[in-house]
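Open the model in your viewer and keep the selection tool at hand.

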Amino acid sequence: MINMDLRNELMRVLDPTVPFEANWQTLCSLKERGIKAEEVQVILESMFQETPDERAQERIADLLDCVVGWCAPQHAIWKE
């Protein structure tokens with residue numbers, strides 16, 4: 001997947017009307033499609049830095065935790 005396509009797909013996590021669980025499922029589907037955790041992490045970190053919205057930053061940080069495994073074991077997506 002091209003990084004810009006992946007970035008566009010991840011931009012949806014900034015929508016405050018989308019529940020966290022739906023965003024978590026989006027990340028799970030990326031893993032199932034073979035996207036590496038490092039690719040997702042780099043894009044989410046970039047999005048975190050670029051957004052001035054604190055709620056969006058918090059959402060991104062929560063999802064990053066699921067990408068890197070700094071979360072409850074059942075929420076860790078890439079468990080390698």
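What follows is a series of selections, each with a note on what is there. Keep in mind that this is a predicted model.

**Stop 1: the salt bridges**

How many salt bridges does a search of the whole structure find? The search finds three. Side chains of opposite charge can pair when their charged atoms come close.

**Stop 2: E50 and R7**

Select E50 and R7. They form a salt bridge, with the closest N and O atoms 2.2 Å apart. This pair links distant parts of the chain. E50 sits in helix α3, R7 in helix α1 (residues 3-10), and 43 residues separate them. Now colour by accessibility. E50 is exposed, at 52% relative accessibility. R7 is buried, at 18%.

**Stop 3: E9, R12 and R33**

Next, select E9, R12 and R33. These residues are linked in a network of salt bridges. Start with E9 and R12: their side chains meet at 3.4 Å, N to O. Then turn to E9 and R33, whose side chains meet in a salt bridge at 2.9 Å, N to O. E9 belongs to helix α1 and R33 to the loop between α2 (20-32) and α3, so this pair ties together parts 24 residues apart in sequence.

Is E9 buried or exposed? E9 counts as buried, at 14% relative accessibility. Its partners read as follows:

- R12 is exposed, with a relative accessible area of 52%.
- R33 is partly exposed, at 44% relative accessibility.

**Stop 4: the cysteines**

How many disulfides does a search of the whole structure find? The count is zero. Check burial while you are here. C66 is buried, at 3% relative accessibility. C28 is buried too, at 13%.

**Stop 5: the negative patch**

Finish at the surface. Select D53, E54, E58 and D62. They gather in a patch of negative charge. Where is D53 placed? D53 lies in the loop between α3 (37-50) and α4 (54-68). D53 is partly exposed, with a relative accessible area of 35%.

Key. Residues numbered from 1 in each chain as written. Predicted model: local features only at pLDDT ≥ 70, side-chain atom pairs only at ≥ 80, totals over all residues. Heavy atoms only, no water. Patch = residues over 30% accessible without salt bridge, like charges linked within 9 Å, V, L, I, M, F, W, Y side chains within 5 Å. Areas by Shrake-Rupley, 256 points an atom, 1.4 Å probe, with all protein chains shown as cover. Salt bridge = Lys/Arg side-chain N within 4 Å of Asp/Glu carboxyl O. Lys, Arg positive; Asp, Glu negative; His and termini not counted. Charge placed at Lys NZ, Arg CZ, Asp CG, Glu CD. Helix = DSSP H or I, 4+ residues; strand = E, 2+ residues; numbered from the N terminus. Buried < 20%, exposed > 50% of the residue type's maximum accessible area, 1.4 Å probe, protein only. Disulfide = S-S within 2.5 Å.
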